[in-house]
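Please look at the sequence and model first.

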Amino acid sequence: MSEPLLQAINLQCERDKRELFRDLSFSILPATVTRVEGANGSGKTTLLRILAGLSDAWAGHLLWCGEPRSRVRESFLRNVLYLGHRPGIKPLLSPLENLRALMAGRRPMGDKVLTQALARTGLEGYEQVPCRHLSAGQQRRVALARLLVADEPLWLLDEVFTAIDASGVAAIENLLQERAAEGGAVVFTTHHNVQIAGTKRLVLTPGAVGYDD
Ligand SMILES: Nc1ncnc2c1ncn2[C@@H]1O[C@H](COP(=O)(O)OP(=O)(O)OP(=O)(O)O)[C@@H](O)[C@H]1O
């Protein structure tokens, strides 16, 4: 069996004196898709932000490729892609400019490849339009184009299906499944009814956590 990319051991998180989770342990293996589930406010976004290294409001241990994450932070950050529940798109910039910005500091990539990624998300003809003139779903698609040019082995995706139409949802389902088939690991949250074969479930409920191992 392959080694885990990410291991969480006895994670604990409290917000405003309310415990969101404790003794939360799980492993994220290559070639897997994991869905984090739970009611509104159960801590899904909080957990993804902790896993992405964007929140310090936790206790416990996180290992990246078997090493304490804090010791290999740079390597971890190079190898993880996080898309938050807001599209993170700059409204004054065009889709192409936004995609260039989302790729900043990563693998250099020419405009031709980025334009093709935008076209695959249905944004052909909108490459140069300021994003503030795009619909909510189109803005979300700009962020999703980032996935099409991603080679990071771990994707952490918070509510990326929001505002996406039915054909877009099906395309993302396929993309995540393909990603896992290529050996990548995907952890995602959604309130949508999403079907991805073989998806593991990590369920956050107050006082208890379920995980398919
Ligand atoms: N920065 C913060 N400071 C204080 N409390 C916070 C902070 N961020 C989140 N919380 C609290 O933590 C709890 C969990 O929030 P979180 O956004 O992780 O839930 P969620 O499961 O993603 O919810 P939803 O399904 O509604 O998106 C909420 O009660 C929220 O108020």
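## Ligand shell

A residue is near a molecule or strand if its C-beta atom, placed from the backbone, lies within 6 Å of it. By that criterion, the residues around the ligand are R15, D16, L20, G38, N40, G41, S42, G43, K44, T45 and T46. The model is a predicted one, in which local features need pLDDT of at least 70 and side-chain atom pairs count only at pLDDT 80 or more, while totals for chains, interfaces and linings use all residues. Residue numbers start from 1 along each chain as its sequence is written.

Which helix gives the most to the shell around the ligand? Helix α1 (residues 44-52) does, with three residues. Helices here are DSSP runs of H or I with at least four residues, strands are runs of E with at least two, and both are numbered from the N terminus. Sorted by class, the ligand shell has one nonpolar, seven polar and three charged residues. In this scheme Ala, Val, Leu, Ile, Met, Phe, Trp, Tyr, Cys and Pro count as nonpolar, Asp, Glu, Lys and Arg as charged, and the others, Gly among them, as polar.

## Packing of α3 with α4

Helix α3 (residues 95-102) and helix α4 (residues 111-120) have axes that come within 10 Å and cross at roughly 115°. Axes are lines fitted to C-alpha atoms, for helices over the stretch in contact, and angles run from 0 to 180 degrees between N-to-C directions. The two helices are therefore roughly perpendicular to each other. Angles under 35 degrees count as roughly parallel, over 145 as roughly antiparallel, 65 to 115 as roughly perpendicular and the rest as oblique.

The crossing of α3 and α4 is right-handed; a crossing has this hand if the near helix is turned clockwise from the far one by less than a right angle, and is left-handed if anticlockwise. On the α3 side the contact is made by P95, L96, L99 and R100, and on the α4 side by D111, L114, T115, A117 and L118. Two residues are in contact if their C-beta atoms, placed from the backbone, lie within 7 Å. The α3 contact with α4 has six nonpolar, one polar and two charged residues.

## Packing of α3 with α5

Helix α5 (residues 136-148) packs with α3 at an angle of about 45°, and their axes are 10 Å apart. That angle makes α3 oblique to α5. The crossing of α3 and α5 is right-handed. P95, N98, L99 and L102 of α3 make the contact with V142, A145 and R146 of α5. By class, this contact has five nonpolar, one polar and one charged residues.

## Positive phi values

Most residues other than glycine have a negative phi. D16 is not a glycine, yet has a positive phi of about 50°. D16 is placed in the loop between β1 (6-15) and β2 (18-28). Is D16 buried or exposed? D16 counts as exposed because it has 5 C-beta neighbours inside 10 Å. A residue is buried if 20 or more other C-beta atoms lie within 10 Å of its own, exposed if 12 or fewer, and partly exposed in between, with C-beta atoms placed from the backbone.

C65, also a residue other than glycine, has a positive phi near 50°. C65 lies in the loop between β4 (59-64) and β5 (67-68). With 15 other C-beta atoms within 10 Å, C65 is partly exposed.

## Other sites

R78 is found in helix α2 (residues 73-79) and is partly exposed, with 13 other C-beta atoms within 10 Å. R86 lies in the loop between β6 (80-83) and α3, and counts as exposed with 12 C-beta neighbours inside 10 Å. The C-alpha atoms of R86 and Q7 are separated by 26 Å, with the two residues 79 apart along the chain.

A150 is in the loop between α5 and β7 (154-158). With 19 other C-beta atoms within 10 Å, A150 is partly exposed. Not counting residues up to four places away in sequence, A150 touches L81 and W155. A150 and N40 are 110 residues apart in sequence and 29 Å apart in space, C-alpha to C-alpha.
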